[in-house]
Amino acid sequence: MERPNSITIAGAGLAGALLSVMLGQRGYQVRILERRPDMRRSTVQAGRSINLALSSRGIHALQQAGLMDQVKKLLIPMRGRILHHLDGSTQFLSYGQRPEEVIYSVSRRDLNMLLMDAAELAPPVNVFFEQKIDAIDLQQRSLQISDLTDGYSRQESYERLIGADGAGSIVRRSLIPFVRGQSPSESSESSESSESSELLDHDYKELEIPPSADGGYRIEPEALHIWPRGDYMLIALPNQGGSFTVTLFLPKTGQPSFATLNSHQAVNAFFQQQFPDALELIPDLADDFFRNPQGILGTVRCQPWYYSDQVVLIGDAAHAVVPFHGQGMNASFEDCSELIRLLDQHGHAWDQALPQYYQARLPNANAIADMALENYTIMRDSVSQPQFQLKKDVGFELERRYPDRFIPRYSMVMFHLLPYADAQRIGQIQDSILEQLITGKSQPHEIDYDLADQLIHSQLEIISS
Ligand code: FAD
């Protein structure tokens, strides 16, 4: 049996590694079981640098763990979107209106390695690689683990288990049926347990714009580039060293779709027709296209996220979301801050902290899941419509006039720490106000700001975040 206060974390991904640092800092004995090899000792496949957008919620959690000074060195600011239209013209749309309102591109691998280093620097944390959890007996508190280095399987007990094992989580898949099978006297959540995974009918493929011959960037680095094409889109985020990671989001079937891009010729012709300026920037397009995997996207929702004081889910294991709001990692990091805040508040009484963590996070996870799905339509389609841009301009003007009552929804999600569920609720009211104000108008100066004043004071309260 492990020592008291010992914690087993399934998964050394972004959430598991960060939480281990925070728990280690509080004196817990932490072991992480990670099925993959140690990425710090393996070389990355050529051209496969995957990046993520980091924003306020993730930054706040990293600051809480004392890691932000190190993480800063990995970041590239992105001040807004650059839209690439079909005729080759480009247009910059700012994300926020204050200098600090930027999001940051960061390499997933570099960030994960930094978190693993930080975890192992805290002496009570140990990471065991190539250890895959195959099954969990929650009654007996035991794990069936495959050692992928030698192929042997063994059983080990755990005292507390944290599921940070991503969207396909074995911890979640064990927890939900177990809770359902408990009698009401054993578990108060027995009637509420459920799990759903909804796959999007669009997949994604990562490609690369390499650096220019002199090692510089071929397109503006301090922006997120989007080629919106209605039903699908291409995006590009900058990497350190001059390259960009490019991602194509496209339906699985239909015309055009991943199913129809089935030859070098079809891929080149599709890019020639839809993304001619990007085609010039991706020299190995068709080779990359067929070499790189086609990824799936989906939303996972489940309840509950914990059992007794023994098991809890964080990150994608509890709430995988589609990537179109750039919030999956940020929300996962926010789980870590919230769990730690509640543990600290309750003197590390896990039986009190876990139900509160779950009650606080579930509505927020559902809200960001919905907003992320909505944002796909915004990114691939609405963003290039004049009415979207007018709404955005008027939203910024209202924020300037009423900074404590009107913060655009995108800003509430990306630049503030307001709970996602509040951002969603307030965002719906803002949207109906904006619709009323812009209907029949095409320029910000045509807006009736007396009406705006009336609507804002009657419908929106002061925002406290
Ligand atoms: P993961 O990062 O998936 O880590 C889970 C870990 O558990 C892995 O290391 C895995 O090997 C391990 N594991 C799994 N099963 C087992 C097992 N049985 N035994 C042992 N170990 C196991 N989020 C953002 O905030 N901003 C973005 O811009 C953004 N862009 C994205 C773009 C794409 C294309 C995708 C797919 C996602 C994006 N996300 C983004 C979401 C983000 O990647 C996830 O939300 C984040 O990785 C979740 O972290 P996690 O630690 O919960 O899960």
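Guide: Ser6 belongs to strand S1, residues 6-10; strands (E, at least two residues) and helices (H or I, at least four) are DSSP runs numbered from the N terminus. The model is predicted, so local features require a pLDDT of at least 70 and side-chain atom pairs a pLDDT of 80 or more, whereas totals for chains, interfaces and linings use all residues. Numbering runs from 1 along each chain as its sequence is written, and side-chain values rest on heavy atoms, with hydrogens and water left out.

Ser6 has a relative accessible area of 4% and is therefore buried; buried means under 20%, exposed over 50%, and partly exposed in between, for a 1.4 Å probe and protein chains only. Apart from neighbours within four places in sequence, Ser6 is in contact with Gln29, Glu159 and Arg160, contact meaning heavy atoms within 4.5 Å.

Strand S2, residues 29-34, includes Glu34. Glu34 is buried because its relative accessibility is 6%. With neighbours up to four places away set aside, the contacts of Glu34 are Gly11, Ala12, Gly13, Phe128, Phe129, Glu130 and Gln131. Two backbone nitrogens face polar atoms of the Glu34 side chain: that of Ala12 at 2.7 Å and that of Arg36 at 2.8 Å. A polar contact is a pair of N or O atoms within 3.5 Å; within protein, one atom must be able to donate a hydrogen and the other to accept it, and residues adjacent in sequence count only if both atoms are side-chain atoms.

One of the contacts of Glu34 is Glu130, a residue in the loop between strands S8 (125-129) and S9 (131-137). Glu130 has a positive phi of about 55°, although it is not a glycine. Its relative accessibility is 25%, so Glu130 counts as partly exposed.

A polar side-chain atom of Arg36 is 2.8 Å from a ligand oxygen, and one of Arg108 is 2.5 Å from a ligand oxygen.

The side chain of Asp203 makes a polar contact of 2.8 Å with the side chain of Gln294. Beyond four places in sequence, Asp203 touches several residues, among them Leu248, Phe258, Gln294 and Leu297.

The one joining Gln255 and Pro256 has an omega of about -5°, and Pro256 is in the loop between strand S17 (244-251) and helix H6 (264-274). The other joins Gln303 and Pro304, with omega again about -5°; Pro304 lies in the loop between S19 and strand S20 (306-307).

Strand S19 (298-303), helix H9 (316-319) and H11 each supply at least two residues to the lining of the second largest cavity. This cavity has a volume of about 30 Å³. On a 1 Å grid over the protein atoms alone, a cavity is a set of points where a 1.4 Å probe fits but cannot get out, a pocket is an open set with protein on both sides within 12 Å along at least five of seven lines, and lining residues have an atom within 4 Å of a point. Points are joined across faces, edges and corners, and the volume is the space filled by probe spheres set on them. The lining of the cavity includes Cys302, Trp305, His319 and Asn366.

Helix H11 (350-380) also gives two or more residues to the lining of the second largest pocket, as do H12 (386-401), H13 (409-415) and H14 (420-438). The volume of this pocket is about 590 Å³. Of its 24 lining residues, Ile378, Phe388, Lys391, Arg409 and Asp431 are closest to the centre. H14 provides the largest share, 7 residues.
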